[in-house]
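This briefing is meant for a reader who is meeting the structure for the first time. Please keep the sequence and the 3D view at hand while going through the points.

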Amino acid sequence: MNALSSPPSTFLNCVKQAAVAAKQAVAENTTLIEVEFPPLPLEFLEDSSSSARDIADANTRWAIELAKSFTAEGKRVSIVYPDQAELEAAIEYVDMGDTATPFENITLATIRTDSIKNAQSLDQIVFSILGATVGGTVEVIPNTDVYVAVVSSTQELPDLEKLHNLDPSIPIIFFNLRLDILRGDLGLPLFPSRDLHYNFLSFIKPAYILRSRAFATSLRRPPFIINYSGVLFRVYPEPYQCILNTGEGKSRPAETMDERPTNKAFRDALTMSLKVPGVPPEELKTQGNLVWWEKDIDKEKSSNWRI
């Protein structure tokens, strides 16, 4: 068995790993691909003073780096934004004047015409302001071999489904959209229904996952509270690695899984790897419930999102 990849130590190495994984998925004719990693240091992302604009700009930067790995092979890449406002902000951040083509064969674009300008009623204007894109149209970007979708919200995921349906042969990389967070909104008022996951999101294959989670477990004996964290790491086609942080920048493998672990399974893998003097591992296990998309696997049309 080949050695498994190790989590990267720099953002640039992170993008390089993601590019290798995404290109492997594309080579296997996978057209819906997930890439997720923190675009900025975790301490910044968790800081209440950090802005959505900073995060969006960072994602633009790393999306361009990912796109370069495809253009190096002669492919034309369109980095797509959910609306004109996000596109204009990205062009300003890249600081390439008014051009939407900052590098050869890389285009920054939006797939939707202005939904507010095209709204036919007051209700449509209100929904547009809230993020539900209506009134405009979704269109393909000419001369595109690969799409990289960035900064889309839950309400804008149906646009990406429409884009895919317009030409299912063109790969779409869902870049740092935090799909599991977005799935949590499905079915809520003013959001798409859960059918969006069953019929579309379930087809998206995780090519690169680097996700950190922190937990706390209470005990009936000292030290009473155990704080711990870990990383779910996957470089396609390798399996998923559950990695426990052991402090001072060190870590150790907790468990390797062929199928994407549920949040509960990931936490259980970390807790069973904890070593607390005088406390058996079984006592560290916590109760937990599966979220709806982890339970409703009989309703999904594809298992790609789990494998």
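The points below go from the sheet to the helices beside it, and then to the salt bridges and a loop residue.

The model is predicted. Nine strands form an open sheet with mixed pairing, in the order S3-S2-S4-S5-S1-S6-S7-S8-S9. Strands S3 and S9 (250-257) stand at the edges with a single partner strand each, so one side of each has no neighbour in the sheet. From one strand to the next, the twist averages 25°.

**Pairing around strand S6**

- Strand S1 (residues 32-36) runs parallel to strand S6 (residues 205-218), and four bridges make up this pairing, in which glutamate 34 stands opposite proline 206 of S6.
- Strand S6 also pairs with strand S7 (residues 225-235), here in the antiparallel sense and over 11 bridges, and alanine 216 stands opposite asparagine 227 of S7.
- Six residues lie between the strands in the hairpin of S6 and S7, where phenylalanine 224 takes a positive phi near 70°.
- As a general point for reading these strands, side chains in a regular strand alternate between the two faces of the sheet.

**Helices lying across the sheet**

- Helix H3 lies across S2, S3, strand S4 (146-149) and strand S5 (172-175), and its direction makes an angle of about 160° with that of S2.
- Helix H9 (residues 263-273) lies across S6, S7, strand S8 (240-247) and S9, and runs at about 60° to S6.

- Which residues are buried in helix H4 (residues 84-94)? They include Leu87, Ala89, Ala90, Ile91 and Val94, and what covers the buried residues of H4 includes helix H3 (52-71), strand S2 (77-81) and strand S3 (106-110).
- The N-terminal end of H4 is capped by aspartate 83, which has a side-chain oxygen 3.2 Å from the backbone nitrogen of alanine 85.
- Just after H4, aspartate 95 takes a positive phi of about 60°.

**Salt bridges**

- A search of the whole structure finds 14 salt bridges, and one of them joins glutamate 36 to arginine 211, with the closest N and O atoms 2.9 Å apart.
- Because glutamate 36 lies in strand S1 and arginine 211 in strand S6, this pair ties together parts that are 175 residues apart in sequence.
- Are the two partners of this pair buried or exposed? Glutamate 36 has a relative accessible area of 9% and is buried, and arginine 211, with a relative accessible area of 17%, is buried as well.
- Within helix H3, the side chains of aspartate 57 and arginine 53 meet in a salt bridge of 3.3 Å, N to O, and because these residues are four apart in the helix, about one helical turn separates them.
- In general, residues three or four places apart in an α-helix point the same way, because the helix has 3.6 residues a turn.
- Aspartate 57 counts as buried at 14% relative accessibility, whereas arginine 53 is partly exposed, with a relative accessible area of 31%.
- Arginine 53 also meets glutamate 86 through a side-chain salt bridge of 3.3 Å, N to O, and since arginine 53 lies in helix H3 and glutamate 86 in helix H4, the pair ties together parts that are 33 residues apart in sequence.
- Glutamate 86 counts as partly exposed, at 21% relative accessibility.
- Salt bridges that share partners join Glu34, Glu36, Asp180, Arg183, Arg211 and Arg260 into one network.

**A loop residue**

- Leucine 190 lies in the loop between helix H7 (179-183) and helix H8 (195-199), and counts as partly exposed because its relative accessibility is 49%.
- Which distance separates leucine 190 from glutamine 155 in space? The two residues are 35 residues apart in sequence, and their C-alpha atoms are 8.1 Å apart.

Methods: Residues numbered from 1 in each chain as written. Predicted model: local features only at pLDDT ≥ 70, side-chain atom pairs only at ≥ 80, totals over all residues. Heavy atoms only, no water. Pairing = 2+ DSSP bridges. Helix = DSSP H or I, 4+ residues; strand = E, 2+ residues; numbered from the N terminus. Buried < 20%, exposed > 50% of the residue type's maximum accessible area, 1.4 Å probe, protein only. Contact = heavy atoms within 4.5 Å. Polar contact = N/O pair within 3.5 Å; in protein donor to acceptor, adjacent residues only side chain to side chain. Axes fitted to C-alpha atoms, helices over the stretch in contact; angles between N-to-C directions. Salt bridge = Lys/Arg side-chain N within 4 Å of Asp/Glu carboxyl O.
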